[in-house]
Amino acid sequence: MHGEHAHGGPDAGNPSGGPVNAAPQGDWPAGYPAGYPVVESDRLTRFVQRAHARTPRWVVPLAAVGCVAAGIGYTLLSDPTRSAPDALPTCLLKLTTGLDCPGCGGTRALWYVLHADLPAAARHHFLFVFALPFLAYLFVAWAGRQAFGWRLPELRIGPKLVGGFLAAWLAFSVVRNLPWVPFTALYV
């Protein structure tokens, strides 16, 4: 009966029939707690792992470029600067509350950036325009490293910088919805 218990026996889930407390082999990190059986991967996981191992390294950056190109294409084709404020697709927060969401104006800002009108782009979403060169550089550095092995200088972006940017974005999102005169200029 060793290794053949159906449910909850000492060898349940251990197809090898060996001791359950044996140290795992292979990819498990040192210090893996004893007593947990090594789980065999399911078919889907094995398929994804095989596909990942066989995929050329340039495929993921190419897919990401395709997603960015689709977003840019949508922006250029839809011309968000000429559409009505309630035209579909619309922002659910703005539709239900009348408030600008943290991303409101981002598509119009991208449209103006693509047409080299930075003042109009900044008028619609200043933080997006500010962050765009950094995001573009991070993307090019990542994609170049993944696809071609490039080693561009890294931007050191730590948790404090990300937290500060998110706090500024939150403050911007609140300030642009205030109904007083200096802040009403930020409405989009």
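# Close-up views of a predicted model

**View 1. R176 sits in a loop between two helices.** R176 is found in the loop between α7 (159–175) and α8 (181–184). Helices here are DSSP runs (H or I, at least four residues), numbered from the N terminus. This is a predicted model, where local features need pLDDT of at least 70 and side-chain atom pairs count only at pLDDT 80 or more, while totals for chains, interfaces and linings use all residues. Residues are numbered from 1 along each chain as its sequence is written, and side-chain values use heavy atoms, with hydrogens and water left out. R176 is buried yet has no salt bridge. Buried means under 20% relative accessible area, exposed over 50%, and partly exposed in between (1.4 Å probe, protein chains only). A salt bridge needs a side-chain nitrogen of Lys or Arg within 4 Å of a carboxyl oxygen of Asp or Glu. For R176, the nearest side chain of opposite charge is D100, 4.2 Å away. Lys and Arg count as positive, Asp and Glu as negative; His and the chain ends are not counted.

**View 2. The surroundings of R176.** A polar atom of the R176 side chain lies 3.4 Å from the backbone oxygen of C101. A polar contact is a pair of N or O atoms within 3.5 Å; within protein, one must be able to donate a hydrogen and the other to accept it, and residues adjacent in sequence count only if both atoms are side-chain atoms. Contact means heavy atoms within 4.5 Å.

**View 3. H124 in helix α5.** Helix α5 covers residues 118–124 and includes H124. H124 counts as buried because its relative accessibility is 15%. Its side chain has a polar atom 2.9 Å from the backbone oxygen of A120. Beyond four places in sequence, H124 touches C104, G105, R108, A109, Y112, R176 and V188.

**View 4. Helix α2 crosses helix α6.** The axes of α2 (residues 59–78) and α6 (residues 126–148) come within 8 Å and cross at roughly 145°. Axes are lines fitted to C-alpha atoms, for helices over the stretch in contact, and angles run from 0 to 180 degrees between N-to-C directions. V60, P61, A64 and V65 of α2 meet F139, W142, A143, Q146 and A147 of α6. These contact residues divide into 8 nonpolar, 1 polar and no charged. Ala, Val, Leu, Ile, Met, Phe, Trp, Tyr, Cys and Pro count as nonpolar, Asp, Glu, Lys and Arg as charged, and the others, Gly among them, as polar.

**View 5. D79 pairs with R82.** The structure holds 2 salt bridges. One joins the side chains of D79 and R82 (3.2 Å, N to O). D79 counts as buried, at 16% relative accessibility. R82 counts as exposed, at 70%. D79 lies in the loop between α2 and α3 (92–97). Its phi is near 45°, a positive value in a residue other than glycine.

**View 6. R156 pairs with E154.** The side chains of R156 and E154 meet in a salt bridge (3.9 Å, N to O). R156 is exposed, at 72% relative accessibility. E154 is exposed too, at 56%.

**View 7. A116 has a positive phi.** Phi of A116 is near 60°. A116 is found in the loop between α4 (106–114) and α5. A116 is exposed because its relative accessible area is 69%.
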